[in-house]
Amino acid sequence: MVGPTTAAGGWWSEEMSGAGLRGMEADYVRRFHKHEPRENQCSSALVKHIKAPIHLVWSLVRRFDQPQKYKPFVSRCVVQGDLEIGSVREVNVKSGLPATTSTERLELLDDDEHILSIKIVGGDHRLKNYSSIITLHPEIIDGRPGTLVIESFVVDVPDGNTNDETCYFVEALIKCNLKSLADISERLAVQDHIEPIDLH
């Protein structure tokens with residue numbers, strides 16, 4: 001991982017070995033990831049290149065009602081009411097993290113631009129005023145359709161913690177989620193390419 005560098009008014013963490021911030025990625029951050037962190041907040045963005053077509057990756061990301069489809073730390077999720085902007089989900093977190101529940105509100109779900117934004121509004125954790133944006137962008141990887149995923153966040157820095165500590169903790173969680181998203185999406189993409197053998 002290349003360490004955080006300033007980009008788009010926040011902090012950028014590049015989750016690619018040896019590669020710096022690319023022009024197109026910086027442009028996407030400027031256009032879609034507009035956080036304005038206050039003095040007591042930290043903000044960051046992470047990127048993941050996934051060897052799977054965007055429609056497949058989006059089919060997992062857009063499921064506000066089923067984050068456990070790719071988020072390894074989520075054990076259960078219940079959405080109150082219909083799935084729409086303003087919907088609230090109650091998420092149960094697996095043991096091992098300093099939390100058991102999180103209450104999260106759907107801020108934006110754009111199937112055309114492939115944007116999902118959520119805000120944490122409650123729960124027994126220290127992530128106060130946390131909001132995140134995840135965007136998907138089509139790209140070609142090794143001659144095949146792939147997906148560039150960018151996830152950014154802003155959150156309060158808790159009392160007793162530094163800006164760097166807070167960002168590091170949240171980035172670690174997001175990296176796990178993005179790795180899981182990549183693993184599952186790429187596995188599904190491989191299955192899509194396996195054609196049935198005609199034995200006749």
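What follows is a short tour, with something to select at each stop.

Before you click, note that this is a predicted model: local features need pLDDT of at least 70 and side-chain atom pairs count only at pLDDT 80 or more, while totals for chains, interfaces and linings use all residues. Residues are numbered from 1 along each chain as its sequence is written, and side-chain values use heavy atoms, with hydrogens and water left out.

**Stop 1: the core**

Select Val61, Phe153 and Leu181. Within the largest nonpolar core, which has 32 residues, these three touch the most other members. A nonpolar core here is a set of buried Ala, Val, Leu, Ile, Met, Phe, Trp, Tyr and Cys residues joined through side-chain atoms within 4.5 Å. Buried means under 20% relative accessible area, exposed over 50%, and partly exposed in between (1.4 Å probe, protein chains only).

Now colour the elements that each supply at least two residues of this core: β3 (41-50), α2 (54-61), β7 (115-123), β8 (131-141), β9 (144-156) and α3 (163-193). Helices (H or I, at least four residues) and strands (E, at least two) are DSSP runs, numbered from the N terminus. Which element gives the largest share of the core? That is α3, with 8 residues.

Zoom in on Phe153 and show what surrounds it. Leaving out residues up to four places away in sequence, Phe153 touches His35, Cys42, Ser43, Ser44, Leu46, Tyr130, Ser131, Ser132, Cys167, Val170, Glu171 and Ile174; contact means heavy atoms within 4.5 Å. Then pick Tyr28, Phe32, Val47 and Ile133, which are among the 9 residues of another core, apart from the largest one.

**Stop 2: helix α2**

Select α2, which is mostly covered, with 6 of its 8 residues buried. To see the buried ones, pick Ile54, Leu56, Val57, Trp58, Leu60 and Val61.

**Stop 3: Ser117**

Next, go to Ser117 in strand β7. Ser117 counts as buried, at 12% relative accessibility. Beyond its neighbours within four places in sequence, Ser117 is in contact with Arg105, Leu106, Glu107, Leu108, Ser132 and Ile133.

**Stop 4: salt bridges**

How many salt bridges are there? The count comes to 8, taking a salt bridge as a side-chain nitrogen of Lys or Arg within 4 Å of a carboxyl oxygen of Asp or Glu. Start with Asp142 and Lys51, at 3.3 Å from N to O. Asp142 sits in the loop between β8 and β9 and Lys51 in the loop between β3 and α2, so the pair ties together parts 91 residues apart in sequence. Asp142 is exposed at 68%, and Lys51 is partly exposed at 49%.

Then try Glu107 and Arg105, whose closest N and O atoms are 2.6 Å apart. Glu107 is partly exposed at 33%, as is Arg105 at 28%.

**Stop 5: paired strands**

Finish on β4 (residues 74-80) and β5 (residues 88-93), antiparallel over 6 bridges; two strands pair if DSSP finds at least two bridges between them. Look for Gln80 opposite Val88 in β5. Antiparallel to β5 runs β6 (residues 101-110), joined by 5 bridges, and there Glu90 stands opposite Thr103 in β6.
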